[in-house]
Amino acid sequence: MSEERSSNGQTSKSWLGKLAQAFSDEPKDREELLELLRNAEKSKLLDSEALAIIEGALQVAELQAKDIMIPRPQMVTVSSQQSLREIIPEMIESAHSRFPVMGDKPDEVMGILLAKDLLPCLLSDNLDSFDIQSHLRPATFVPESKRLNILLKDFRDTFNHMAIVVDEYGGVAGLVTIEDVLEQIVGEIEDEFDADDEDDINIRRLDAERVIVKALTPIEEFNEFFRCSFSEDEFDTIGGIVTHSFERLPKRDESIDIEGFLFHILNADNRRIRLIQVSQISKTETE
């Protein structure tokens, strides 16, 4: 029995000793700190998932709201002029819990509408007398340059879950949620298309007929690759044009024809589209 305790004690001492030795030299910068943590993971002193979370937490301090925001063309919003009968189908379709409510002007965000606040109206079957103004929560606005670590603290302190991101001119650039920030730390659930979604290449040819395109690809880059002329007046990304053409946020495996191109959604969630398969439609197909 005493040998077991001695053995266990030695094992514990060895483990603590290795950990202390790993951090005996104080890291001079972030890269040295990460190198120490990665060595600790290789030595089985740190779980790989824990290492990923630490790396994500360190990265959050370097990212800004504009780096992870849902761009304006992909935002799901409701109009202050819509009736409850018009709003409910959109809420069900998107499966969101919070919706920016837009006024008459393009950059006028009147407030945030929570889906749960509409339950009393639905239960009372009093849809026609619905007054959207009385159900609005105040909207939180943050600049594009807002650091994510500070934004996360603000979310926690104010109990807000969504913020409207504005550009330097005060226009609506997009929105960001607390879930978006947390995903930078703990990561997203991967699927078969995530590897393509995370590299630095916006457009990749799959074969002679099909091309994989990121939804955030600038329209100018898309036009140059396909030698076409989609307008850049209203939207900045090809995903914005596709979403606008659907007149809603499309789901995976949905397709749409736009100006001689077939856009097939490969990867999308309930907040944005990510990857699109693009192929040109031949003249015989359109005749």
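So, helices H2 and H3: H2 covers residues 30–42 and H3 residues 48–60, and their axes come within 10 Å and cross at roughly 170°. Helices here are DSSP runs of H or I, at least four residues, numbered from the N terminus. The axes are lines fitted to C-alpha atoms over the stretch in contact, with angles from 0 to 180 degrees between N-to-C directions. That crossing makes H2 roughly antiparallel to H3, a label for angles over 145 degrees.

Who meets whom? On the H2 side we have Arg30, Leu33, Leu34, Leu37, Arg38 and Glu41, and they meet Ser48, Leu51, Ile54, Glu55, Leu58 and Gln59 of H3. A contact means heavy atoms within 4.5 Å.

Before going on, a word on what this is: a predicted model, where local features need pLDDT of at least 70 and side-chain atom pairs pLDDT 80 or more, while totals for chains, interfaces and linings use all residues. Residues count from 1 along each chain as its sequence is written, and side-chain values use heavy atoms, without hydrogens and water.

And pLDDT is the predictor's confidence in each residue, from 0 to 100. The chain averages 81, with 83% of the residues at 70 or above.

Last stop, Thr237, in the loop between H10 (219–226) and H11 (238–246). Thr237 counts as buried because its relative accessibility is 11%, and buried means under 20% (1.4 Å probe, protein chains only).

Terms used. Helix = DSSP H or I, 4+ residues; strand = E, 2+ residues; numbered from the N terminus. Buried < 20%, exposed > 50% of the residue type's maximum accessible area, 1.4 Å probe, protein only. Parallel < 35°, antiparallel > 145°, perpendicular 65-115°, else oblique.
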